[in-house]
Each structure stands twice: as C-alpha cells, then as structure tokens.
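Please read the following alongside the sequence and the model.

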Amino acid sequence: MRVALTEARAALKHYDVPIGAVLLNPKGDVIAQDHNRREERMDPTAHAEMLVLSSAAQASGDWRLEHHTLVVTLEPCPMCAGAASWARVGAIAYGPADFKAGAAYSLYNIPQDARLNHHSELVHGVLEEEGAALLTEFFATKR
C-alpha cells in the first residue's frame, strides 16, 4: 500500500484525484504501479486500477490475472471493480471505503456478487487514514 500511496501523490502533479494502485503477483512482487491520469490524458477510463490491470496484462501476455492482488488507495468504483473481476484478480485490498462510488463493498459489491462467475477476496481499511487524508486535502483545495 505504501507504493500505491506514493503513486497517489504523483497524481497531484497533474491535478488528478490522488488515487494510486499496484498489482502484486502471487509471490507478492509489484508487477505494475500507476496513479489516476484522467486529467493528464483527458481519458475518463484512466483510473489507477485500469492502468495497472492493462499494464500487467500486456506485460504478462495474458489478460487473466488470477492469484494476483490489486492494491488501491481508495475503494474501486464500478468500472474498476468490474475490470478487476473480468481480469479474474484473486484479491483486492484498499484503503478507505468510498460511500459515494464504491463498488467493492460500500455501495455495490461487484467482486463478490454471486451472479458473476469470478469472485475476489476483499481486504478493506489498509492504511485507511493515509489514503483518506490525501483525498481530504485534495478536495479541500478544490472547494
């Protein structure tokens, strides 16, 4: 999570919401890391999680990321939770819950929805205070 938090801080350089993500292989090694780049790329899909999943799949030559762990500084949104599910990610660990757009437990629980064919283990609250503080500071400057 510390690597993801470092990535989140990097998003501030281009005025993006400070969210970072990493993908760990089954051995626990970081194989992809990135941060939100929506403002930088003018791309609504350039969320940290989407970039990490895409990068890891391309590097490995396989879109199936079974037994990998996605680590994110904020609970994933529906798009990112869905992408993690379609990538067959084994686990998702995140910091604070997102009660406005969270889709990995708070509002929706896409990764564990019994109607879908793949399910991910969820771990919430990892370094929650640090992730929340970054977001609070960022949005305080916007208002």
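In this predicted model, strand 3 and strand 4 (residues 91–94) run parallel and are joined by 4 bridges. One place to look at this pairing is Val71, which stands opposite Ala93 in strand 4. Strand 3, which covers residues 69–72, also pairs with strand 1 (residues 20–24). Here the two strands run antiparallel, again with 4 bridges between them. Val22 has Val71 of strand 3 as its bridge partner. The charged side chains come next. By the distance rule applied here, the count comes to 5 salt bridges. One of them links Arg37 with Asp34, and their closest N and O atoms are 2.7 Å apart.

Another salt bridge is formed by Asp62 and Arg64, with 3.1 Å between the closest N and O atoms. Asp62 is partly exposed, at a relative accessible area of 29%, and Arg64 counts as partly exposed at 36% relative accessibility. In a further salt bridge, Arg115 is paired with Asp113, and the closest N and O atoms are 2.6 Å apart. At 73% relative accessibility Arg115 counts as exposed, whereas Asp113 is buried, with a relative accessible area of 17%. Salt bridges with shared partners also make one network out of Asp34, Arg37 and Glu40.

The cysteines can be taken next. How many disulfides does a search of the whole structure find? The search finds 0. The pair to look at is Cys77 and Cys80. The cysteine sulfur closest to that of Cys77 belongs to Cys80, and the distance is 3.7 Å, too far for a bond. Seen from Cys80, the closest cysteine sulfur is in Cys77, at 3.7 Å.

The last topic is empty space. Rolling a probe the size of a water molecule over the atoms shows where such space is left. In this model, the largest pocket holds about 540 Å³ of space. Its lining is made up of 22 residues. Which of them lie nearest the centre of the largest pocket? They are Ile19, Leu74, Asp98, Leu135 and Phe139. Helix 5 (residues 128–142) gives the most to the lining, with 4 residues. By residue type, the lining of the largest pocket divides into 13 nonpolar, 6 charged and 3 polar residues.

Technical notes. Residues numbered from 1 in each chain as written. Predicted model: local features only at pLDDT ≥ 70, side-chain atom pairs only at ≥ 80, totals over all residues. Heavy atoms only, no water. Disulfide = S-S within 2.5 Å. 1 Å grid on protein atoms, 1.4 Å probe; cavity = no way out; pocket = protein on both sides within 12 Å on 5 of 7 lines; lining within 4 Å. Points joined across faces, edges and corners; volume = space filled by probe spheres on them. Nonpolar A, V, L, I, M, F, W, Y, C, P; charged D, E, K, R; others polar. Salt bridge = Lys/Arg side-chain N within 4 Å of Asp/Glu carboxyl O. Buried < 20%, exposed > 50% of the residue type's maximum accessible area, 1.4 Å probe, protein only. Pairing = 2+ DSSP bridges.
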